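Trainee: I would like to learn how to read a model like this one. Could we go from the whole chain down to single side chains?

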Amino acid sequence: MRMNRLYIGTGMLGMLFFAACSQDGVPDNGASGSAEMCIYTDVARADGEKTDAGSTANDAVFLFWDFGNVLGNVANPNPLHVKYPQEHIDTYKRPNEPYNTDELYPDGNRRVMATGYAPATLTPEKRTDNTVNYERLTIPQDDLCKTDVLTSITPVVASAALPFDREDGETLQFMHAQSRVYFSAKLAEGSKEFLKNVRIKLSPTVVATHVEWNRDKSLYVPIASGQESYELAQQPNDDNDYYMLTPENPLKIGWAYIVPGKTDLSVEVTVARGESAEATEWKDFTVEPTFEFKIKRDAGDDWDKGKNENTLYANESYTFTLVFSEEGIELIGNECPWEEGGYLIIPIYPFN
């Protein structure tokens, strides 16, 4: 199975090691780099694979923090600099030119930690003292489940003595912070049902409303408030009606970004049911199944290593195809990287 592999940096342990090796007063070690803070960035990809970063990556925010505040676990830190690059995150990947912040490194060889997120439409919350809290970001109400949130994978630390853009410096890499689920629907072979107007409501437990900085993981994590649900709905055709479900080609119902790390997905599925294709009366039929994730993983694969087969993680996608018949609904679960994958059949509830 092809998976997007993420090349993870050193994490907090590596940053602490770096801090021990770049204290104040360290002489110039001859590392190549600029006096201004310049940093390489990209969206993580597997070798030879193209990960869809989407338009979100055109609207990123780069944050630069005083690393002393990070080590000191300061209660309400404020970034030294907040930057809004004008180009796609990948514009600044090696061997291209790095992003130039137009800011100098702090005096005294103080260290700076870089993080980031996208899109810039995520709103930092205001603290009681009216300062901006970049550790808690709000997803706009109209964009819930529709915003592809990208976040930095591992913070990168640098100083004037060991700048971000030195030859052996790390790249600030970004990944899809949420999981993504797709839904399609079709009739089973030989089915005599007349069905259309499929709607799928997601549970509030999977609808991310905020993105919070987790200090233990040094990572932005999507959070569900538990108050917001989200509905995907089959779109009407040009005649302001809905295409009938057929056995041949699944109709795409929609997709949604959800909180990662889930082992199942509780939904409410509603479909309009008629006596014939020309029926004037269509009655809604609703079931409330819980879909389980079943993912074949390769223990020897860097991405799969240590991951559970029943859990959908950040930067992973899963496609569900609902197959309706007189006997019930079958579910074809299609686990995949951000683009594609294989099939799995699971029985769901029968019609009443």
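Mentor: Start with the surface. This is a predicted model, and the accessible surface of the protein chain comes to about 16,900 Å². Carbon and sulfur atoms account for 47% of that area.

Trainee: What share of the 352 residues is buried?

Mentor: Buried residues make up 51% of them. As for secondary structure, the protein chain has two helices and 23 strands.

Trainee: Among contacts between residues at least 6 apart in sequence, what percentage join residues at least 24 apart?

Mentor: The figure is 71% in the protein chain.

Trainee: Which strands pair with E11, and in which sense?

Mentor: Strand E2 (residues 41-43) runs parallel to E11, joined to it by three bridges. Threonine 41 stands opposite leucine 172 there. Strand E9 (residues 150-152) pairs with E11 in the antiparallel sense, also over three bridges. In that pairing, serine 152 stands opposite phenylalanine 174.

Trainee: Now the rings. How many aromatic pairs does a search of the whole structure find?

Mentor: The search finds 14. One of them joins phenylalanine 62 and phenylalanine 174, with 5.9 Å centre to centre and 35 degrees between the planes. The pair is classed as tilted because planes under 30 degrees apart count as stacked and those over 60 as edge-to-face, and 35 degrees is the angle here.

Trainee: Where does the pair of tyrosine 92 and tyrosine 99 fall, stacked or edge-to-face?

Mentor: That pair is edge-to-face, with 75 degrees between the planes and 5.2 Å centre to centre. Tyrosine 92 counts as buried because its relative accessible area is 9%, and the cut-off is under 20%. Tyrosine 99, at 11%, is buried too. Ring pairs can also build a cluster: they link Phe183, Phe291, Phe293, Tyr318 and Phe320.

Trainee: Which charged side chains lie over rings?

Mentor: Arginine 273 lies over the face of phenylalanine 285, at 5.7 Å from the ring centre. The charged end of lysine 307 sits over the ring of tyrosine 313, with 5.5 Å to its centre.

Trainee: Last, lysine 196. Is this residue buried or exposed?

Mentor: Lysine 196 counts as buried because its relative accessibility is 9%. Its place is in strand E13 (residues 194-202).

Trainee: What does the side chain of lysine 196 make a polar contact with?

Mentor: The partner is the side chain of aspartate 241, at 2.9 Å. Leaving out residues up to four places away in sequence, lysine 196 touches Gln234, Asp241, Tyr242, Tyr243, Met244, Val271, Ala272 and Trp282.

Notes. Residues are numbered from 1 along each chain as its sequence is written. This is a predicted model: local features need pLDDT of at least 70, side-chain atom pairs count only at pLDDT 80 or more; totals for chains, interfaces and linings use all residues. Side-chain values use heavy atoms; hydrogens and water are left out. Rings of Phe, Tyr and Trp (its six-membered ring) pair if their centres lie within 6.5 Å; planes under 30 degrees apart count as stacked, over 60 as edge-to-face and the rest as tilted. Buried means under 20% relative accessible area, exposed over 50%, partly exposed in between (1.4 Å probe, protein chains only). A charge sits over a ring if NZ of Lys or CZ of Arg is within 6 Å of the ring centre and within 35 degrees of the ring normal. Helices (H or I, at least four residues) and strands (E, at least two) are DSSP runs, numbered from the N terminus. Contact means heavy atoms within 4.5 Å. Accessible areas come from the Shrake-Rupley method with a 1.4 Å probe; for residues, only the protein chains shown count as cover. A polar contact is a pair of N or O atoms within 3.5 Å; within protein, one must be able to donate a hydrogen and the other to accept it, and residues adjacent in sequence count only if both atoms are side-chain atoms. Two strands pair if DSSP finds at least two bridges between them.
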